[in-house]
Amino acid sequence: MKYVLVSGGVISGVGKGIIASSTGLLLKTRGLKVTMIKIDPYMNIDAGTMAPTEHGECFVLDDGGETDLDLGNYERYLNITLSRDHNITTGKIYQHVIDRERRGDYLGKTVQIVPHLTDALQEWFMRVARLHVDETKAQPDVCVIELGGTVGDIENAPFVEALRQLRRKAGAGNFLHIHVSMIPVINEEQKTKPTQQTIKDVRSAGLNPDLIACRCKDRLMASTIDKVAMFCQVETEQVVAVHDVPSTYHVPMVLEKQGLITSLTKILNLDKLEIPSKLKLRGATTWEMWKSSTSVQHHSQIVTIALVGKYTSFADSYISVIKALEHSAMFCRRKLNLVMVDSSHLEEDDGNTSSIESQKAWEILRKADGILVPGGFGTRGTEGMIVATRYARINKVPFLGVCLGMQIAVIEYARTICKIPGASSKEFDDQAIDPVIIFMPEVDSKSMGATMRLGMRPTHFQPGTGWSQMRGMYRNSPVAASRDTSDGLVIHERHRHRFEVNPAYVPKLASNGLNFVGKDDQGERMEVLELKDHPWFVGVQFHPEYLTKVLEPSRPYLGFFAASAGCLKEVMEKLQSDKGVVEN
C-alpha cells in the first residue's frame, strides 16, 4: 500500500480538500485504484450534530455515515463510494481507544496518547486503506490521507505523530507528503515567509514534505518559486504552484501541467506497479472526458436558479447542491447563475426583515428560471419557503424540493389546493391541527447524533406513472436497480431525515392532484411527488445531491436544471441515446 498525505499550514481553508481530490483523480486516471481518508481534529464523533453554518454541510454516505463535506469532494472527483470509517475525528478515535480500554484490551497497562492512540490510528489507516471503494471490489493501490486543520494546532499533534510513524512503517517509496501553504500578496509582492515558517513547523513535528503546494491568488513568479525552494531546502521541481482558477474542476489540470503525476510516479515508484491495460485505458478515457466537460467556459445561455434556503450566509452549507447544479449546467452546456435567497426575506416583515431585503428577494425570485428549496432543520424561514413554492407552482416555474423542500411542497399544496389551512409539520408546530408532516415513529426523538433515517434506501416508482418526467430521467441511471417496466422502476438514493409525509393525508392530497410517484419498499413512505401539468414540479424526500458526479450529474437536479434551461426534452433524448452532453 502506498500513501499520500496532504496537510496544510498558515491558515485553514487553503484548499487542501481540492488538492487532495485532484491528486487522487490524477492517480486514478493513470489506471491506479485510489481510496481516500479525511482526518478532522474536532471532538465531535461525526459531523451529524454540527450546524451547516459552522462547518459546512454534513455529507451522508451509503452506510449512513454523517461525515465532513470533503468526502463529497472525494466521491465526486474519483467516482468512488466511501464508508463512515473513511472519516476519522478526534472524538471517534478517542471513543475507539476508550472502548478498548473498558473491555480490557490493553491488559491493565496505562493507556496513553503514545503509543496506544497513535498505534490505534495507524491500525485504522492501514485497515481502511485496504477497503474496496468501487465496483472492481479490489484493494486500492494508493490511499490519499487529508489532515484537516493546520499543522501546529494542538489538536492535530496526535495525528501528526501517528502519520510520522506511519511514514516510517510504510518504508521508502511508499509514502509521499504534500504540504499546502499560502503565499499572500502584500503591496503587489508575493510573500514567502509564512510558507517558510509552516515548513519549519512541519519538520519540527517530525514530518518532511516531499512537495510544497503553494496557494496564491495569481500565478507564482519564478523568483517566488526559487525563494520557496531555497529557504525550504527543496528543489524547484518540488514546489507546486496552485493559483486561483475559474473553477475548482480546473485544479487537476493545473497540477498535471506542473508535472505532479511525474513527481508522484518518481517518489512512490508507481512505474513498478502492474496496472492492467483495461484500467489504464479507462483512466485515460475518464481524464479526456473530464477535461472536455470542465474546460468549456463560455456558453450561449445563462440559467438563473434561485436557491431559497435558511443557511444562505455560508455557501458550503449547500456545497453538494451547488455541485449538482454545476454538473447539470456542464452537461447541458449552459452557464449557471446561482442566486441565494434567504427564505425569511420572503415572509411578511416581522420587524427583523427590512423592506429592501424583501424587495430584493422577490426581485430575484421573479427573474429566476428555476426555484430550488433544499433541505434544512427547524422552523425559521419555512413560511418563506412555502411562499416561494406557491409562486413556482402557480407561475409554472420549474421547481425542485429536496427533503424539507418536499415537505414544504406538501404543506403548501395541502393549504392552498386541499383547503386545509392548518396544514403544517410537527417539526414546526408540535400541536398542529393538521400535521401533514409527522415524526417517523421508529426514530429516536431525544438524541441528536446518528438518529435519523440515514444512508442508501430504495425508492419504487409506482405502476401507472409512465408519464412521470422524474421516472424518465432515472431510466438507465447508475442508481437504477432495475429496468423500467410497467410494474415500476426501483432506484437507490441516500437519505437524511426525521420527518415524513403523514400517510393519513396521502389519499386527500393524491385525489387533488399531488402525485406520489415514488414510495419506499413498503409503499408507506412518500419518496417522490410530482405534478402533471407543470414544466417541472418535483419533490424528493432523499438527497440526490449526495450521489452527483462531475461526469454523471444527479438525475433530479439535471431534470430540474434542463427544465429551467428549456432543454429538458433534448436532455432526455441524450440520456436515452447515451450520446452525452447537450449542444447549444
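**Group meeting: a walk through the predicted model**

Hi everyone, let's start with strand β2: Val 34, Met 36, Lys 38 and Asp 40 point one way from it, Thr 35, Ile 37 and Ile 39 point the other way, and all are buried. Buried here means under 20% relative accessible area, with exposed over 50% and partly exposed in between, using a 1.4 Å probe and protein chains only. Strands are DSSP runs of E with at least two residues, helices are runs of H or I with at least four, and both are numbered from the N terminus.

A word on the source: this is a predicted model, where local features need pLDDT of at least 70, side-chain atom pairs count only at pLDDT 80 or more, and totals for chains, interfaces and linings use all residues. Residues are numbered from 1 along each chain as its sequence is written, and side-chain values use heavy atoms, leaving out hydrogens and water.

Back to β2. Seven of its seven residues are buried, so the strand is largely enclosed by the rest of the structure. Ile 39 has Ile 88 as its bridge partner in β5, while Lys 38 has Glu 146 in β6.

Now for Lys 38 itself. Is this lysine buried or exposed? Lys 38 counts as buried, because its relative accessibility is 3%. Leaving aside neighbours within four places in sequence, its contacts include Asp 68, Asp 70, Tyr 74, His 86 and Glu 146; contact means heavy atoms within 4.5 Å.

On to the nonpolar cores. A core is a set of buried Ala, Val, Leu, Ile, Met, Phe, Trp, Tyr and Cys residues joined through side-chain atoms within 4.5 Å. The largest has 47 residues, and Val 4, Leu 27, Val 144 and Trp 290 touch the most other members. Helix α1 (residues 16–28) gives the largest share of this core, six residues. A second, separate core of 44 residues includes Val 339, Tyr 413, Ala 414 and Val 501.

Next, a helix pair. Helices α5 (residues 113–129) and α6 (residues 157–170) pack at about 60°, with axes 9 Å apart. Axes are lines fitted to C-alpha atoms, for helices over the stretch in contact, and angles run from 0 to 180 degrees between N-to-C directions. The residues of this contact divide into eleven nonpolar, three polar and three charged. Here Ala, Val, Leu, Ile, Met, Phe, Trp, Tyr, Cys and Pro count as nonpolar, Asp, Glu, Lys and Arg as charged, and the others, Gly among them, as polar. Gln 165 sits in α6 and is buried, at 19% relative accessible area. Beyond residues up to four places away in sequence, Gln 165 touches Val 114, Thr 118, Asp 119 and Gln 122.

Last stop, the open sheet. Its nine strands run in the order β13-β12-β14-β15-β23-β22-β21-β18-β19, with mixed pairing. At the edges are β13 (335–342) and β19 (489–497), each pairing on one side only. The twist averages 25° from one strand to the next. Helix α15 (residues 404–416) packs on this sheet, touching β14, β15, β21, β22 and β23. Helix α18 (residues 555–565) packs on the sheet too, touching β12, β13, β14, β15 and β19.

Notes:
Pairing = 2+ DSSP bridges.
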